[in-house]
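Subject: Structure handover

Hello,

Here is the structure for you to take over. Please open it first, then read the notes below.

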Amino acid sequence: MIQITETEISLDEMIKRARSKDAGAMVTFLGTVRDDGMERIEVEAFREAALMELEAIQEEAMSRFHLIAAEVVHRTGTLAVGESILAIVCSAAHREEAFSGCRYIIEELKKRAPLWKKELGEKCERWVGQTST
Amino acid sequence: MRIMVLAFASFREILGKERVLFLKESATVSDLLEELAAARPAFKEAAFDDTGTLRDYVLLMVNRKRIDPTQDLSRPLQEGDELAIFPPLAGG
């Protein structure tokens, strides 16, 4: 399942969906809000385009690494330090494929999915990854 | 012709989330960006450098497919096209 949501991520539910009798390994990745001197972040998505891109990345990962299942959930909205932004769960027959598939999904998501983060603090705010505007 | 413009992140703060522009037939991506720059000086300052060149952190999609701003600004738009403008991606 691919999901972009304003509600809290349930890693347990994702793991349940990815479980399979053919899987010998499940790898999970949980991205969380790091304290870089701000109080919270806002996550924004070009929802329709991001879902299309995430589905393409999921299909590529499934095919390249022979995954049994790949789940991706990305949060949007306002998140506090420590909250989860992104969760990925990959299941495969063996750990190598599960690790590689999970790594592929996070790296491609960062390069290709139209999502943005704004750091918000008491005195300043800035869009992550942008030099100016 | 009618073109839907979507803006995200810092460009949404300048242009608003979406707006419809009516352009002459055969207008290009570049024509549309110039129209936006003329209407919103803050967009002109954010998107173009002093020589009028599009800044390299301005990313574009036409109908939800990325285009290359170094090659595709002369691409003609079609009635009903959707152009998305946004800064570098930062998901995850």
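Chain B comes first. Read from the N terminus, its elements run β-α-β-α-α-β-β-β. That makes three helices and five strands. The radius of gyration of chain B is 12 Å, close to the 12 Å that the globule rule gives for 92 residues, so chain B is as compact as a globular protein of that length. Please keep in mind throughout that this is a predicted model.

The C-alpha atoms of chain B fill a box of roughly 35 × 30 × 25 Å along the principal axes. Of its 92 residues, 29% count as buried. Take the contacts in chain B between residues at least 6 apart in sequence: 55% of them join residues at least 24 apart.

Strands of chain B

Start with strand E5 of chain B, residues 82–86. Four of its five residues are buried, so E5(B) is largely enclosed by the rest of the structure. Which strands pair with E5(B)? One is strand E1 of chain B, residues 2–7, which pairs with E5(B) in the parallel sense over four bridges. Another is strand E3 of chain B, residues 59–62. E3(B) pairs with E5(B) in the antiparallel sense, again over four bridges.

Look at B:Ala84 in E5(B). B:Leu6 stands opposite B:Ala84. B:Met61 stands opposite B:Ala84 too.

A helix of chain B

Helix H2 of chain B covers residues 29–39. Its residues B:Val29, B:Leu32, B:Leu33 and B:Leu36 are buried. They cover an arc of only 95° around the axis, which puts them on the same side of H2(B).

Chain A

Now chain A. It has three helices and eight strands. From the N terminus on, the order is β-α-β-β-α-β-β-β-α-β-β. The radius of gyration of chain A is 15 Å, close to the 14 Å that the globule rule gives for 133 residues, so chain A is as compact as a globular protein of that length.

The C-alpha trace of chain A spans about 50 × 25 × 25 Å along its principal axes. Buried residues make up 38% of the 133 residues. Among contacts in chain A with a separation of 6 or more, 78% are between residues 24 or more positions apart.

Strands of chain A

Go to strand E4 of chain A, residues 67–75. How many of its residues are buried? Nine of the nine are, so E4(A) is largely enclosed by the rest of the structure.

Strand E1 of chain A, residues 2–5, pairs with E4(A) in the parallel sense over four bridges. There, A:Ile2 stands opposite A:Val72 in E4(A). E6(A) pairs with E4(A) as well, in the antiparallel sense over seven bridges. In E6(A), A:Ala87 is the bridge partner of A:Val73.

A helix of chain A

Helix H3 of chain A covers residues 95–112, and A:Arg95 has its place there. Is A:Arg95 buried or exposed? A:Arg95 has 12 other C-beta atoms within 10 Å. A residue counts as exposed at 12 or fewer, so A:Arg95 is exposed.

The core

In soluble globular proteins, nonpolar side chains tend to be buried together. Here, the largest nonpolar core has 62 residues. Which residues have the most contacts inside it? They are A:Cys90, A:Ile105, B:Phe8 and B:Ala84. The largest share of this core, seven residues, comes from strand E6 of chain A, residues 84–92.

Leaving aside neighbours within four places in sequence, A:Ile105 is in contact with A:Ile57, A:Gln58, A:Ala61, A:Ala70, A:Val72 and A:Ile88. A:Val72 is the residue that stands opposite A:Ile2.

Where the chains meet

Finally, the two chains touch. 15 residues of chain B are in contact with 23 residues of chain A. By class, the side of chain B that touches chain A has 11 nonpolar, three polar and one charged residues.

Best wishes

Key
Residues numbered from 1 in each chain as written. Chains lettered and ligands numbered in written order. Predicted model: local features only at pLDDT ≥ 70, side-chain atom pairs only at ≥ 80, totals over all residues. Core = buried A, V, L, I, M, F, W, Y, C linked by C-beta atoms within 7 Å. Buried ≥ 20, exposed ≤ 12 C-beta atoms within 10 Å, placed from the backbone. Helix = DSSP H or I, 4+ residues; strand = E, 2+ residues; numbered from the N terminus. Contact = placed C-beta atoms within 7 Å. Nonpolar A, V, L, I, M, F, W, Y, C, P; charged D, E, K, R; others polar. Rg over C-alpha atoms; globule rule 2.2 N^0.38 Å. Arc of directions from axis to C-beta. Pairing = 2+ DSSP bridges.
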